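Welcome! Let's walk through a protein model together, step by step. Have the picture at hand as you read.

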Amino acid sequence: MFRDLDIGQSALLTDIAMCINYYRLFTPGVYCCVHATVELDDGTRFCPGIIMQVNHGPLKQCDPDPSYTFFKGPPNFVLDVFPEEGLLEYEHRRECFERAQVREYVAVRLTDPVEWIWNRLIDAQFSVIEAADNELIMSAALPGLWMPSYAMKHQNWWAIMAAIARGVSRVGHHEFMDTICKGGRYRTEGEIRQTLDDYHSGRMGQNA
């Protein structure tokens, strides 16, 4: 369930968590937790590096248990850091998170430059999202979370946070926040369905 990290992996996880938590500061109503235990719907438990979960509205997928000691259900976004030597437990985690319908699962390897596998749920199955060095990865699970590929590879956290500041100013993030803050109020059922479809299809994350 819990993977021990060496100093290098822990430092990398801390830096990535800093950037993702920077996104959270623009996104009230979303939890960002490091090494929080998650119990999936089939009872499987993990303690991922980072989880992000929507806490209000129709996109919410999991809840803290009554004692607030773990989350129950699939988070919207999960990230794990792995050592340079290999992706121990990655396939098992990926399979479990896919089955539970986690929207995105990212596995980051402590290499030089940094490598990652960005899995996105498309038609109930994970697909790997590729990005060239001059491109952004635009999260579908967390619209407005923009990660420049080159900056990720070379651990340029300032460039990543600058991209996030741009991402959260765009239409997709505003639509995402509308589902959290208003929860569908003042919208017709058709408009709500369209918003949910945009999120699950990944279109919301691409709306710039």
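## Ground rules

Two strands are said to pair if DSSP finds at least two bridges between them. Strands (E, at least two residues) and helices (H or I, at least four residues) are themselves DSSP runs, numbered from the N terminus.

This is a predicted model, in which local features need pLDDT of at least 70 and side-chain atom pairs count only at pLDDT 80 or more, while totals for chains, interfaces and linings use all residues. Residues are numbered from 1 along each chain as its sequence is written, and side-chain values use heavy atoms, leaving out hydrogens and water.

## The whole chain

Let's start with the overall view. The protein chain has seven helices and 12 strands. Its radius of gyration (taken over C-alpha atoms) is 16 Å, close to the 17 Å that the globule rule (2.2 Å times the number of residues to the power 0.38) gives for 208 residues, so the chain is as compact as a globular protein of that length.

Along its principal axes, the C-alpha trace spans about 50 × 40 × 30 Å. Of the 208 residues, 50% are buried; buried means under 20% relative accessible area, exposed over 50%, and partly exposed in between, with a 1.4 Å probe and protein chains only.

## The six-stranded sheet

A second open sheet has six strands in the order β1-β4-β7-β8-β9-β10, again with mixed pairing. At its edges are β1 and β10 (125-128), each pairing on one side only.

Inside this sheet, β4 and β7 (residues 77-82) run antiparallel and are joined by three bridges. Ile-50 has Leu-79 in β7 as its bridge partner.

## Helices around the strands

Which strands does α1 lie across? They are β1, β4, β7 and β8 (104-109), and α1 runs at about 160° to β7. Such angles run from 0 to 180 degrees between N-to-C directions, with axes as lines fitted to C-alpha atoms, for helices over the stretch in contact (heavy atoms within 4.5 Å).

Finally, find helix α5 (residues 171-181), whose buried residues include Gly-172, His-173, Phe-176 and Met-177. The buried residues of α5 pack against several elements, among them α1 (7-25), β1 (30-34) and β4 (50-54).
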